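Visitor: Please bring up the structure, and let us then go through it by question and answer.

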Amino acid sequence: MRIVSKWSVRTAGIALAFVPAIRAQEVGAPPIPPKAQTVEVTPTNIQANVGDKVKFSAVAKDVSGNALSAKPMIWFAAPFDVAGADKEGVVVFHQPGEVTVGAVVAGKPGYAHVTVVALPVAKIDIAPVTQALVAGSTTVLSSTARSSNGDPRADTPIHWTSKSPAIAQVDESGMVTAKSAGAATLVATAGPANAEVSVRVVADAIQKVAVEPETTSAKTGDVVHFTATAQSAKGAPVKDIFTSWTVGGPNATIYPDGAFVATLPGTYKVMAAVGSHTAVASITVAPRNAEREIDVIAHIPLKAADGSAIQTTEEWIMGNHLYIASLADKIYDYDISDPSKPKALDSLKADARLINDVSTTPDEKVGVFTREGASTRKNGIVIFDPSDPAHLKVLSEYTETVTGGVHSAFINTHYVYITDDATGSLRVIDFQDAQHPKEVARWEVQNATAATIAGPMGPMSSGRYLHDLYVKDGLAYLAYWRDGLIVLDVGNGMKGGSPEHPQLVSQYKFNHYELYGNGWLAGTHTTFRYNNYLFVGDEVFPAQFDIDSKERIPVRGVCHVMDITDIEHPREVAIYEVPEGGIHNFWADNDMLFIGDYAGGGRVLDISGELRGNLYQQGREIARIWTGDPAGYRANLPFSWGAQPANGLIYYNDINTGIWIAKLGKPRFKGSTTAPPLQEKAE
């Protein structure tokens, strides 16, 4: 969650917070200037291209329509990930979509509207056809059109032709029909871009096709692998040939590799076709019935001295201690040795409007929290001593290269990997000497339109934004907003990287504009590695919102499940999306994903076995907890930030209502089998 946006890109109502109040007339004081009735921002209703820079002007007029001499106090553009405005009114456009450009002049806001068009398609990626097609076979080619910045483009149709139609025909949509033995080249065209793929066709020497298993059973969400074998007239196996799969039944998918997964219970017919030869199998699917009760053990609402609710941000559990950050200027810690009766220990204050992340080393000798919105405009991180949790102490601050603000941090050994708001870069800070931390590395994704602009709270990145990161086994997984997922070698060895010399391993881009449309801030927000999967969450907010408002904030957001068995070529295999919610932070352990889903509250998801398809529709949800509270910052509204399993319990942190300590209970359905109870451990 980029709370800094509340000072830089939201509506005039937010921008007006920076406009000094006009004093009443005083004796001897200068005359009060005329009041602005309207503000005209030009040009408006124009079209721009990604990468364009346009100079805007703003003129305030009084009630009579006379122009005032006042100059703009603030320029802004929203959504911030589509465009950015500098203090002179020059706007740079980064992504396609609808943009509102605004200025505040003499206390009055004015707006212009711009439509940013997408870059043309520059490249087509085609999945290779590695197996031979038997004459008579059909298959649909898999391809992705991309802009020059790598964004996938589903909005541009791909047209197909064959250079050898006597061998393999292809229709406009990419369905190939194998005609006769030989090799054929198929051509894809999308706008100015084109690409080719080769296919092999072999003569039909098949006598028989069989499918295994012939019949089986599963539950919704289970992935069952079917295999097809072909034999020649002499009974010899025919290998390296393409099999086409289809499925019939209530609602299921079968993938090109024969992997089957159902979202609804019922009986399904699975068919394998090799040329004109077919074989069938059946599978009976039962409901998953994964749901379990969830019991609240304790609730910790954060309160100010006057009793008002404080908005909660990140949490961190280590051993018997709970650390909590706030959308304010303090962190707090609690003794949770008896989790049913959490005991407040201490708090630590810093110059900040937002403390987003807080964490410690495993031995609780060193802790780090991040700062944004400092009054001195020197943000960065604070390194503190949590060794005596009842008496937290500041050890040092690091602001030298990150004065613009740090949103997220991840501790790994004696390094902390942090995000830099001002440049959108990754910084690696060595705190082995905790009183004298030093930067040892900087890395940033290459982005042709990125710039650093002057914001109301100091310099900020426009067009390149690193939101969050996760480090495990020498690999750093970066949630790089509109630049997608970045994987770096920071000590794994596969690319010769180290904390001091991060090296790129791979990048996977999403098209958030196509996923969510106009009017939304949307980008790759968070990551978590578990086994051969990487869970990658989007964060999706309205283009303009006020985090200080007591009103409901609409949210959206998908969790993408990436198979990273081949880490250099991540591929999306599944999604999880709560229709009424919006993914924020999560934590995987013991075959479960523990999720803060904003408006959807706290969730627990079964991630056992192989994952494919829509996990929500498959009934993989184990439990959910409503984290709303009548006394919360927003009454009766959950705004669940994240979750962390620890010591057999689940700790949910909610922006509106604080910390909820919960425990999984008994299954809700008789005879159900679900993930095992949480292990008694902290991670």
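Visitor: How much space lies in the second largest pocket?

Guide: This is a predicted model, in which local features need pLDDT of at least 70 and side-chain atom pairs count only at pLDDT 80 or more, while totals for chains, interfaces and linings use all residues. Residues are numbered from 1 along each chain as its sequence is written, and side-chain values use heavy atoms, with hydrogens and water left out. A pocket here is an open set of points on a 1 Å grid over the protein atoms alone, where a 1.4 Å probe fits and protein stands on both sides within 12 Å along at least five of seven lines. With grid points joined across faces, edges and corners, and volume taken as the space filled by probe spheres set on the points, the second largest pocket comes to about 750 Å³.

Visitor: Which residues that line the second largest pocket are closest to its centre?

Guide: A lining residue has an atom within 4 Å of a point, and 33 residues line this pocket. By class, they are 16 nonpolar, 11 polar and six charged, where Ala, Val, Leu, Ile, Met, Phe, Trp, Tyr, Cys and Pro count as nonpolar, Asp, Glu, Lys and Arg as charged, and the others, Gly among them, as polar. The closest to the centre are W316, F410, Y470, F528 and W587.

Visitor: Which strand supplies the largest share of the lining of the second largest pocket?

Guide: Helices (H or I, at least four residues) and strands (E, at least two) are DSSP runs, numbered from the N terminus. Each of β30, β34, β38, β44, β48, β52 and β57 supplies at least two residues of the lining. The largest share, five residues, comes from β44.

Visitor: How many of the residues in β39 are buried?

Guide: Buried means under 20% relative accessible area, exposed over 50%, and partly exposed in between, for a 1.4 Å probe and protein chains only. Y415, Y417 and T419 point one way from β39, whereas V416, I418 and D420 point the other way, and all are buried. Of the six residues of β39 (415–420), the number buried is therefore, under the cut-off of 20%, six.

Visitor: What is the bridge partner of D420 in β40?

Guide: β39 and strand β40 (residues 425–430) run antiparallel and are joined by six bridges. The two form a hairpin with four residues between them, and G424 in the turn has a positive phi of about 70°. In β40, the partner of D420 is S425.

Visitor: Is T413 buried or exposed?

Guide: T413 sits in the loop between β38 and β39, a hairpin with two residues between the strands. Although T413 is not a glycine, its phi is positive, about 55°; most residues other than glycine have a negative phi. At 55% relative accessibility, T413 counts as exposed.

Visitor: What is the relative accessible area of D591?

Guide: D591 belongs to the loop between β52 and β53 (592–596), and has a positive phi of about 65° although it is not a glycine. D591 is partly exposed, with a relative accessible area of 26%.

Visitor: Which strand gives the largest share of the lining of the largest pocket?

Guide: The largest pocket holds about 950 Å³ of space and is lined by 27 residues, of which S142, T144, R146, Y508 and E572 lie nearest its centre. The elements that give two or more residues to this lining are β10, β13, β47, α3 and β51. The largest share, four residues, comes from β13.

Visitor: Where is P43 found?

Guide: The peptide bond from T42 to P43 is cis, with omega near -5°, whereas most peptide bonds are trans. P43 is found in the loop between β1 (38–42) and β2 (46–49).

Methods. Two strands pair if DSSP finds at least two bridges between them.
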